[in-house]
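Thank you for asking for a second look at this chain. The points below are meant to be followed with the structure open beside them.

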Amino acid sequence: MLVRKVPGFVPASPWGLRLPQKFVFLLFLSGLVTLCFGALFLLPNSSRLKRLFLAPRTQQPGLEAVAQVASHPRAHGQESPPNPAPAAPAPGEDDPGSQASSRRRKGWLRRTHPTGPREEATAARGSGATALRPQEGSVPSSFDFKAFRSRLRHPVLGTRADRSKEPQSLVHTQREKIKEMMRFAWQSYKRYAMGKNELRPLTRDGYEGNMFGGLSGATVIDSLDTLYLMELKEEFQEAKAWVEESFHLNVSGEASLFEVNIRYIGGLLSAFYLTGEEVFRIKAIKLGEKLLPAFDTPTGIPKGVVNFKSSPFLVGMFSPLDWNQPPRSSIRLVSISWQVRNIRKVLREIDKPFGLYPNFLSPVSGNWMQHHVSVGGLGDSFYEYLIKSWLMSAKTDMEAKEMYYEALEAIETHLVNVSPGGLTYIAEWRGGILDHKMGHLACFSGGMIALGAEDAKEEKRAHYRELAAQITKTCHESYARSDTKLGPEAFWFNSGREAVATQTSESYYILRPEVVESYMYLWRQTHSPIYREWGWEVVMALEKYCRTEAGFSGIQDVYSKVPNHDNKQQTFFLAETLKYLYLLFSEDDMLSLEDWVFNTEAHPLPVNHSDSSGWGGG
């Protein structure tokens, strides 16, 4: 069963979600147009996407990514095969010999020299700059992959020379163990569930679900960039071949806009920007076009479900029967991109209780539908994408920056608490009453606050770094206080109990990534060894309690040493959990935070170094 950033996942609908709120919420959140959809605008030949959202403006010299789109007719209901680019660098072919050796950086975001010429030459093999003979269904490209790679401050896979000097070092051994876990998870999926959306390791079969409207292979596309990053070359080629040969868009179901965006669009875009392989760009643009009609609403706030039936551009609303919800409410939407400036204006001008953003906003009236504020499920990506919009814009999107720090100040004033035992946590707010609990999903916030500390006012930077560290410590305690050393779905601070679940329905662990995500960001900021120690504890717990003979599985109760597996290897385990663990034990210049921003599914998308003057929200 496919479950994402929503708490209370006890199945009550075909998508496996149970929501206590009595509104249809659009699982779009900010992700669709913030990072993944925003990155589509950097792709060549995406003028249809631009025309829907952008006012005309002068093209800036040197912006290779903005090119006119050629027509790409489709056969009736059929997707034509793509015209692949010349071979791109295989995983691990960044050509380390071209990189000057660099000392380990003590700072978090120190710049170094651009990518070297030999790496550029290697990258050019997959640039797509070579003219392609147009074919039916192709999307011709003038994208200069070589130029794109040359603008990166660091080689994608980091400076590699130092790795060979100490092949038997502890950190090397730990990194190789995580790589083995990824290989095992992928091979198990390939053996028992290839092409299905996820693996069920206990029954050794695959599961499709209906979250993606008939789209298949969610695990394949979610895994692409992790396989590339770990230099699992054979496995990456297997995944690429499946995308080329078997990933078809002529489907007829209803799909969650949010989930398709963060997993499929995000996975395809990151694979393209990492490799230059045309197949990923073509698939991303075609799938993105199928999602565009969701924006055709009176308010501009998109509908939450795309109906792929009968037409690639037929869009539908949520079904009340599927969701047990009335069909008129939406989670708030915010984005880096041009197309949501009006939505941002509404969000900035609307009265907010104590400066907080409730989770539900009516797309019809523009009023808040319920005063429930959460930094965890239903609210997390909103705050995450404000600071990431600022970073992805090469720090020109001032509106996103201002909104983020204003929101963070309100959160700290009204939601941040310290327990009697000294644990800092972010409570939930319901109409003025605090629920003294924190969800696993909210544990991403330590990393978010650390990421944003660098650009805060000077007098606040040290404070935000400490706040990030304290929140991350609390999330670690939720792991440390369980019998399995894995954290529950939610944990409370009341009745003398701290950082523990108080009911069975919140005691499960479904291979979630948010805690190790914060470990990775805090490690890169501080290089304190405690974060690698905590990360390794998670690795050992995953091996002991979640590894089965045929893949990894979540567990029903983190407080039982006898695991009761849930028979699900979530796609985000391969996309996020293992990726963040691998980066935790890697050098800082591997997917450097100067060059890349991770979407909420941990798919890396590039900082817009090429057009810093035209990206912002002003």
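**Notes on the predicted model**

1. In UniProt, an unreviewed entry places the feature "binding site" at Thr600. The structure shown here is a predicted model, and within it Thr600 is found in the loop between strand E19 (596-598) and strand E20 (604-606). Is Thr600 buried or exposed? Its relative accessibility is 2%, and because buried means under 20%, Thr600 counts as buried. The side chain of Thr600 is joined to that of Ser381 by a polar contact of 3.3 Å.

2. For the chain as a whole, there are 18 helices and 20 strands, and of the 618 residues in the chain 64% are buried.

3. The buried residues of H6 include Ala218, Asp222, Asp225 and Tyr228. After H6 comes Glu231, whose phi is positive, near 60°.

4. Thr219 has its place in helix H6 and counts as buried, with a relative accessibility of 1%. How far apart in space are Thr219 and Gln569, C-alpha to C-alpha? The distance between them is 9.2 Å, although Thr219 and Gln569 are 350 residues apart in sequence. When residues up to four places away in sequence are not counted, Thr219 touches Trp186, Tyr189, Lys196, Asn197, Glu198, Thr571 and Leu574.

5. Helix H7 (residues 233-246) has 14 residues, and from its first C-alpha to its last it reaches 19 Å, which is close to the 20 Å expected at 1.5 Å a residue. The buried residues of H7 are Glu235, Phe236, Glu238, Ala239, Lys240, Trp242 and Val243. As background for reading such a list, an α-helix has 3.6 residues a turn, so residues three or four places apart point the same way. Which helices do the buried residues of H7 pack against? They pack against helix H5 (170-193), helix H6 (218-229), helix H8 (257-275) and helix H9 (278-291).

6. On aromatic rings, a search of the whole structure finds 25 aromatic pairs. One of them is formed by Tyr357 and Phe382, a tilted pair with 4.7 Å from centre to centre and 50° between the planes. This pair links distant parts of the chain, because Tyr357 is in the loop between helix H11 (341-349) and strand E7 (360-361), whereas Phe382 is in helix H12 (residues 380-392), 25 residues apart. Tyr357 counts as buried at 3% relative accessibility, and Phe382 counts as buried at 0%.

7. Phe491 and Phe493 form an aromatic pair described as edge-to-face, with 6.0 Å between the centres and 70° between the planes, and both Phe491 and Phe493 are buried. Elsewhere, Phe145, Phe148, Phe272, Tyr273 and Trp596 are linked into a cluster by ring pairs. A further arrangement to look for involves Arg547, which lies over the face of Phe184 at 3.9 Å from the ring centre.

8. Ser478 lies in helix H15 (residues 458-480), and Ser478 is buried, with a relative accessible area of 0%. Which residues is Ser478 in contact with, leaving aside its neighbours within four places in sequence? The contacts of Ser478 are with Leu486, Gly487, Pro488, Phe491 and Ala499, and Phe491 is a member of the edge-to-face pair described above.

9. The side chains of Glu594 and His154 are joined by a polar contact of 2.7 Å.

Methods. Residues are numbered from 1 along each chain as its sequence is written. This is a predicted model: local features need pLDDT of at least 70, side-chain atom pairs count only at pLDDT 80 or more; totals for chains, interfaces and linings use all residues. Side-chain values use heavy atoms; hydrogens and water are left out. Rings of Phe, Tyr and Trp (its six-membered ring) pair if their centres lie within 6.5 Å; planes under 30 degrees apart count as stacked, over 60 as edge-to-face and the rest as tilted. Helices (H or I, at least four residues) and strands (E, at least two) are DSSP runs, numbered from the N terminus. Buried means under 20% relative accessible area, exposed over 50%, partly exposed in between (1.4 Å probe, protein chains only). A charge sits over a ring if NZ of Lys or CZ of Arg is within 6 Å of the ring centre and within 35 degrees of the ring normal. UniProt positions are given in the numbering used here, feature names are shortened, and annotations may be inferred rather than shown by experiment. A polar contact is a pair of N or O atoms within 3.5 Å; within protein, one must be able to donate a hydrogen and the other to accept it, and residues adjacent in sequence count only if both atoms are side-chain atoms. Contact means heavy atoms within 4.5 Å. The expected span of a helix is 1.5 Å times one less than its number of residues.
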